[in-house]
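Dear colleague,

I am passing on a structure that is new to you, together with some notes on what turned up in it. Please look it over first, and then read on.

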Amino acid sequence: VVEAKVKGAVGVVCEFNHPGKKSRGSVRLRSGNVRDHPLIDDALLRDEEDVDCMLEAIKIIRQILLSPSMKKWVGSVEIDGLANSVEELAAASDQALREYILRSANTTWHYSCSAKMGDPSDPDVVCDPHLRVKGVQGLRVADASIMPFVVSGNTNAASMMIGDKCAELVLRDHGLEDAGATKNSGGGGCKKCAPAPEAPEEEPELTPMSRL
């Protein structure tokens, strides 16, 4: 947290996100009982390369805060367990920064990649390119879990695209040749699935009483 010198000015919270591609977690079955919670291992920053990337990110933030154009506006710095002043931040060693990262890093709850899509011959692959789960009839996965690795941006848009693509694949695999070719305002897919247009309402016949 960085507090500005100007009276009444708001502070600044500096954050950095790293979609680590080296540290890979896992989701495993605890038992054969579907009511048992799975075994989830985040494996956060388990690979040193991901830690090195985070270290470079925090050093860039420090460089920005300590630059002449920014430093004159910085009133105080509060980084829990690392620095309580601009001077302490400037003097922090790489080892101190690394320990802070390992102690403070957390997720942004965008879990993904637990049901990887890819070549079915790959033992780590769960879904084929049509999002069908290997060895299971009639089951597909259409969310962020099929990503081979997490995208560098927010997963929301990518997940929406995956869902839309899955709908198109389902239509195609059921022999609907025009799948996805004709979209309507109601969110439909192919021409065969589009709802029939509603018939215009007939005007009621006017009677002497209705004219009054």
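L131 is found in the loop between α4 (94-104) and α5 (155-173), where helices (H or I, at least four residues) and strands (E, at least two) are DSSP runs, numbered from the N terminus. The phi angle of L131 is near 70 degrees, a positive value in a residue other than glycine, and at 4% relative accessibility L131 counts as buried; buried means under 20% relative accessible area, exposed over 50%, and partly exposed in between, with a 1.4 Å probe and protein chains only. A43, in the loop between β3 (39-41) and α1, likewise has a positive phi, near 55 degrees, and is buried at 3% relative accessibility.

Before going further, please note that this is a predicted model, in which local features need pLDDT of at least 70 and side-chain atom pairs count only at pLDDT 80 or more, while totals for chains, interfaces and linings use all residues. Residues are numbered from 1 along each chain as its sequence is written, and side-chain values use heavy atoms, with hydrogens and water left out.

As for the chain as a whole, it has six helices and four strands, which follow the pattern β-β-β-α-α-β-α-α-α-α when read along the sequence. Of its 212 residues, 25% count as buried.

Within helix α4, the buried residues are L97, R98, Y100 and I101. Seen down the axis of α4, they fall within an arc of 160 degrees, so they line one face of the helix; the arc is that of the directions from the helix axis to the C-beta atoms. What covers these buried residues includes α1, with contact meaning heavy atoms within 4.5 Å.

Turning to charged side chains, the count comes to twelve salt bridges, each being a side-chain nitrogen of Lys or Arg within 4 Å of a carboxyl oxygen of Asp or Glu. One of them joins D173 and R140, at 2.9 Å from N to O. D173 lies in helix α5 and R140 in the loop between α4 and α5, so this pair ties together parts that are 33 residues apart in sequence. D173 is partly exposed at 33% relative accessibility, and R140 is partly exposed as well, at 23%.

Another salt bridge links D128 with R132, whose closest N and O atoms are 2.8 Å apart; here D128 is buried at 11% relative accessibility, whereas R132 is partly exposed at 36%. In helix α5, R172 forms a salt bridge with E168, the closest N and O atoms being 2.5 Å apart, and because the two are four residues apart in that helix, about one helical turn separates R172 and E168. R172 is partly exposed, with a relative accessible area of 45%, while E168 is buried at 16%. Salt bridges that share partners also join D128, R132, R140 and D173 into one network.

Finally, there is a count of one aromatic pair. W109 and Y111 form this pair, which is edge-to-face, with 6.2 Å from centre to centre and 75 degrees between the planes; rings of Phe, Tyr and Trp (its six-membered ring) pair if their centres lie within 6.5 Å, and planes under 30 degrees apart count as stacked, over 60 as edge-to-face and the rest as tilted. W109 is exposed, at 64% relative accessible area, whereas Y111 is partly exposed, at 47%.

With kind regards
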